[in-house]
Amino acid sequence: MAEVAAAKGSSVDASQRRPWPSEVNILAGLIAIALMFEVLGWLLIHQSFLINPARLQIMILQVAIVGIVAVGVTQVIITGGIDLSSGSVVSAAAIITMSFAQVSTYSRAVYPALTNLPIIVPIAVGLACGLLAGLINGLIIAYTKIPPFIATLGMMVSARGVSNWYTKGQPVSFPTDAYASIASGIRPVIIFIVIAIIFQIIMRYTLYGRRTYAIGSNADAARVSGINVERHLVLVYTLAGVLSAVAAIVVSSRNLTAQAGMGFGYELDAIAMTVIGGTSLYGGRGSIIGTVLGALIFGVIISGFTFLRIDAFYQEMIKGVIIIGAVVQDVYRQRRRGRI
Amino acid sequence: MKKLALAALMGTLLMGTAMTGSASAANIGVSMAQFNDNFLTVLRNGIIDYAKTMPDVTLQVEDGGNDVNKQLSEVQNFIASKVDAIIVNPVDTDATTAISKLAADANIPLVYVNRQPSNMDTLPANQAFVGSDEKDSGTLETKQICKLLKDGGKGSGANVYVMQGQLNNQAAVQRTQDIHDVIATSDCSFIKIIDQQTAGWQRDQAQSLMANWLTAGTPYDAVISNNDEMALGALQAMKAAGVDTKTVIIGGVDATQEALASMKAGDLKVTVFQDAAGQGKGALDTALALAKGTKVDKAVWVPFQLVTPENIDTYMSKN
């Protein structure tokens, strides 16, 4: 207890000092769940769950896009905040991005004069949208002091409004081949992994990372130790917005379309992945690796249910139970550390 | 007694004016759920274009702005200005009881269009619903897939996957029920559903779902989807997995622009067209008939239409 209490005020993540990082527990959970499906597979449908390269690929592929969002959400949650706007930002950014990526042969393009543009244009436009949304979130949270839940709830509603308004509810489709190739094949996985590695390094070894943990552990202590908390929060939320925009580009490229209903529920899935991955909703604790593992648990469960042909109704119920279980476990861990 | 007689007299007089009025000219109030919706815009234009062919008919079209309360005020305004009939495309099908009561109290004919009102069974005499029966959409789709499977020599046994829309959505529930109903008939009983899952109407979810199904390696002969978006997602997943999509039997519902393009390219085999303009035209016909005092059926069905590569050209510019 004494050691934990000492670590509390410091700007270094407490979990880094432990000989047994919590990621190991999550990895063990992932393996246990996968083995459970393996056993059930042999028992129920006489097939291997894991020895199937195509399935291993889809397990990661189907969570890669929300995983990109979750990398940003993890950082937000480590500061003690929350981001409910990511799903809506994905849809708004996707629709706006796609409107600059259409081919000239499609007669109903959003901007008939702006078709066949080089791929850098839609990407830049998309990232700018995400940056703007994240910046607004951050500025409102840091300087008006309203709870992140409310600020990002507002953005969630408004950004969905933007995506509905932008094309009056119509889908935007028929992108150029170059744009379509951004997320073809397993590229979403590569993009997800590269982003995860970059941010794992940033969170662990840079000043940015240490400040993020420090603010989440104790914002007042962080301020006293000279951190500009407001400016840092703006930066964290802006990055989360940019990562939502990356997800928007990937999802619209992979589906060859952008629609107002896209990204629905992404924010909750991303939060769930983060929490399952061991990031504390109380802030100050968690890691990108954990979130990647959380995403993989999600992927294994989705594939496992479909593999066992479990009815869709039960899938949702079980998914909810798993999320609650992860949060209960987090509360239990926090209680042991004496934080609540 | 005097009052009653007076009321009866007034009533006959009003009826009389309404009748003579509609013979020469009719004012119809139209309240749409919302203007900025692609499908509803086609429907709205269907009403407007049809009205243009009848010089005696004047339309007043209002935007409900997807707001139940706004729509109710619009109907009240129509009643206040004594239109001959009202057409309502309800914002919320559970909020129609209030609208029906207002129109019935004022004795003005009312026609609901496209979205079936929840008070369908208790609609007053001079009110009706014009729309398409979801029972047809899934049935047309599944029957055509059944036929394609038979033509392909699978008549002795075929495995299909079923992709459902959002589980709590009436159209998804009905279309899935249609699939089961068709398979229950002796004609198509050779079809066996391997698995049935939801992809929430969404293309990205359908891509993941199809990819997961493909990993099982179970041979399948067709995919029946509740809408085109999910069918397109399934096709993309198949392409990613190297499946020859030209030979896959896959069907959806909606006949969206992209679905038709996919069918042109030889991928999508079946879709179903909902006649928005036809519904608009039907609504105006019904409203005019009611204004004249003619009796109409409580539900006027505008049929869904099957779209296949053979007749696709008639539908290319309809939606």
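**Exercise 1. The contact between the chains**

How many residues does the contact take from chain B and from chain A? Work out as well which elements of chain B take part.

*Solution.* Keep in mind as you go that this is a predicted model.

Step 1: Count each side. Chain B puts 24 residues into the contact, and chain A puts in 21 residues.

Step 2: Find the elements of chain B. On the side of chain B that touches chain A, at least two residues each come from E7, helix H7 (203-216) and helix H8 (228-240). H7(B) gives the most, with 11 residues.

Step 3: Check the scores for the complex. The predictor assigns an ipTM of 0.76 and a pTM of 0.78.

**Exercise 2. A sheet in chain B**

Give the strand order of the open sheet of four strands in chain B, and say why one side of E7 and of E9 is left without a neighbour.

*Solution.* 

Step 1: Read off the order, which is E7-E6-E8-E9 in chain B, with parallel pairing.

Step 2: Look at the edges. Strand E7 (191-198) and strand E9 (249-251) of chain B each have a single partner strand, so one side of each has no neighbour in the sheet.

Step 3: Zoom in on one pair. In chain B, strand E6 (residues 158-164) and strand E8 (residues 222-225) pair in the parallel sense over four bridges. Here Val160(B) stands opposite Ala222(B) in E8(B).

**Exercise 3. Domains and confidence**

State how chain B is divided into domains, and find where pLDDT stays under 50 in chain B.

*Solution.* 

Step 1: Domain 1 of chain B covers 2-131 + 275-301, and domain 2 covers 134-273. Taken over C-alpha atoms, the centres of these two domains of chain B are separated by 37 Å.

Step 2: Take the average for chain B. Its mean pLDDT is 89, with 92% of its residues at 70 or more.

Step 3: Among the elements of chain B, E8(B) has the highest mean pLDDT (97), while helix H1 (residues 2-24) has the lowest (46).

Step 4: Locate the stretch. Residues 9-23 of chain B stay under 50, and the model has nine contacts for them beyond four places in sequence.

Step 5: Turn to chain A. Its average pLDDT is 89, and 93% of the residues score at least 70. Residues 1-12 of chain A are below 50, with 16 contacts in the model beyond near neighbours in sequence.

Definitions and conventions:
Residues numbered from 1 in each chain as written. Chains lettered and ligands numbered in written order. Predicted model: local features only at pLDDT ≥ 70, side-chain atom pairs only at ≥ 80, totals over all residues. Pairing = 2+ DSSP bridges. pLDDT = per-residue confidence, 0-100. Contact = placed C-beta atoms within 7 Å. Domains from an automatic or database assignment.
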